[in-house]
Amino acid sequence: MVKQIKKIGVLTSGGDAPGMNAAVYAIVRHALKSGLEVYGILDGYKGLVEGRIVPLSYNDVSGIVSRGGTILGTARLPEFVDAEVREVGVKQLKKHDIDAVVCIGGDGTYMGGLRLSEMGIPCIGVPGTIDNDIPSTEFTIGFDTCLNTIVESVDRIRDTANSHHRCIIVEVMGRFCPDLAIRSSLACESEYVVYSKDTYDEQEMLRVIKEDQEKGKKDFVIIVAEHTIPVQDIQKTIKENTDLDPRCTILGHVQRGGRPSAFDRVLAVRLGIFAVDLLLQGEAGKCVGAFGEDLVATEILKANELPKKQAQDVKPCVKKI
Ligand code: ADP
């Protein structure tokens with residue numbers, strides 16, 4: 001028989017992402033409306049283990065939908081892989097009579113939720129990460145905002161490249177997922193994009209630059225996904241093989257913050273409501289996702305074993321036009 005849930009917790013964990021607050025808002029409001037009590041667990045699994053758990057009211061989540069970051073705070077607690085550490089977390093939940101938890105974050109956060117589910121606390125994962133590296137959803141909460149931030153930044157960089165007739169190499173985030181690099185490259189008409197180590201073709205990049213120069217082009221933007229090729233290496237290659245004097249920009253943490261886009265807010269609200277409904281139906285150890293208009297729930301183990309997103313969807317567009 002499914003145990004009736006009366007109190008739920010919500011936490012955000014791993015890297016912050018714009019739209020996490022919109023998810024928290026939807027989870028709290030929908031849970032309250034469904035007759036549940038809701039608790040915020042501060043700073044992810046770290047706050048859980050340390051017992052930093054606070055009640056959340058209707059008004060506590062007023063006006064947070066438009067705010068970047070996460071009002072609950074986030075942290076990393078590598079020790080949460082140890083059953084003994086998780087046991088402390090379970091005790092803290094039991095102290096507050098919390099029956100179930102919604103865990104907002106990436107695949108690491110999902111694993112924490114799965115392990116808690118196995119220990120008798122049903123958890124549902126909600127995809128909150130800028131990287132779009134979770135295959136059980138078409139888009140993760142935060143990806144669209146981050147992409148727009150990159151595009152706006154690269155547009156500015158392009159103005160300088162254009163005015164000074166320069167080549168600027170821009171490193172963007174994405175962990176090991178090529179989506180941010182590829183999509184920002186398409187949106188910013190970058191001359192070349194490095195989205196994986198394997199597909200980086202130094203000679204092709206130099207050929208594209210030289211051909212463009214012959215056509216009279218003087219400004220170049222090369223977009224590089226983090227963890228692929230160091231931007232300094234690309235800078236050196238271009239400097240040694242062309243008459244350009246390239247500069248590097250690492251966009252860094254500016255990509256993570258900021259007001260969430262309408263797309264991310266809507267996605268977060270839809271997924272947050274769906275996650276609470278799943279807990280009410282007695283589900284556990286699953287994560288939610290959206291493919292177009294469809295909402296899907298996937299076993300966390302299966303979701304984390306799905307092949308990682310690759311570049312194939314947009315690959316044909318990557319070739320310079
Ligand atoms: P993300 O959720 O964005 O992938 P991390 O991989 O850093 O970020 O994971 C966030 C947190 O989730 C970790 O700091 C840890 O507390 C917890 N976690 C990650 N992997 C596991 C695991 N295998 N078992 C239990 N908890 C985990």
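A residue is taken as buried when its relative accessible area is under 20%, as exposed when that area is over 50%, and as partly exposed in between. In this predicted model, serine 261 has a relative accessibility of 15% and therefore counts as buried. Serine 261 belongs to the loop between β9 and α9, and, once residues up to four places away in sequence are set aside, serine 261 touches Asp144 and Thr145. Glycine 257 is found in the loop between β9 (247-250) and α9 (262-280), but with a relative accessible area of 28% glycine 257 is classed as partly exposed. The C-alpha atom of glycine 257 is separated by 36 Å from that of glutamine 213, a residue 44 positions apart from glycine 257 along the chain.

The domain assignment of the chain gives two segments to domain 1 (7-142 + 260-319), while domain 2 is assigned residues 144-255. The centres of domain 1 and domain 2, taken over C-alpha atoms, are separated by 33 Å, and contact between the domains involves 20 residues of domain 1 and 17 residues of domain 2. Threonine 149 is part of helix α5 (residues 143-164), and its relative accessibility of 19% is under the 20% limit, so that threonine 149 counts as buried. When neighbours within four places in sequence are left aside, the contacts of threonine 149 are with Val254 and Gln255.

The largest pocket of the model holds about 560 Å³ of space. Its lining is made up of 30 residues, and those lying nearest the centre of the pocket are Gly14, Arg76, Gly108, Thr109 and Arg175. The elements that give two or more residues to this lining are α2 (44-49) and α4 (107-118), and α4 gives the most, with six residues. By residue type, the lining of the largest pocket divides into nine nonpolar, 11 polar and 10 charged residues. Both domains take part in the lining of the largest pocket, since at least three of its residues are drawn from each of domain 1 and domain 2.

Isoleucine 104 is found in strand β4 (residues 100-105) and counts as buried because its relative accessibility is 0%. Residues touched by isoleucine 104, not counting those up to four places away in sequence, include Val10, Leu11, Thr12, Ser13, Met20, Ala23, Val24 and Ile27, and also Thr109, Val126 and Gly128. Among these, Thr109 is also one of the residues nearest the centre of the largest pocket. Between isoleucine 104 and isoleucine 250, which are 146 residues apart in sequence, the distance from C-alpha to C-alpha is 27 Å.

Two residues were also considered for their backbone geometry. Most residues other than glycine have a negative phi. Histidine 165, which is not a glycine, has a positive phi of about 55°; the place of histidine 165 is in the loop between α5 and β6 (167-172), and its relative accessible area of 47% makes histidine 165 partly exposed. Glutamate 189, also not a glycine, has a positive phi of about 40°. Glutamate 189 lies in the loop between α6 (179-187) and β7 (192-194), and with a relative accessible area of 59% glutamate 189 is exposed. In α6, which glutamate 189 follows, the buried residues are Asp179, Leu180, Ala181, Ile182, Ser184 and Ser185.

Terms used:
Residues numbered from 1 in each chain as written. Predicted model: local features only at pLDDT ≥ 70, side-chain atom pairs only at ≥ 80, totals over all residues. Heavy atoms only, no water. 1 Å grid on protein atoms, 1.4 Å probe; cavity = no way out; pocket = protein on both sides within 12 Å on 5 of 7 lines; lining within 4 Å. Points joined across faces, edges and corners; volume = space filled by probe spheres on them. Helix = DSSP H or I, 4+ residues; strand = E, 2+ residues; numbered from the N terminus. Nonpolar A, V, L, I, M, F, W, Y, C, P; charged D, E, K, R; others polar. Domains from an automatic or database assignment. Contact = heavy atoms within 4.5 Å. Buried < 20%, exposed > 50% of the residue type's maximum accessible area, 1.4 Å probe, protein only.
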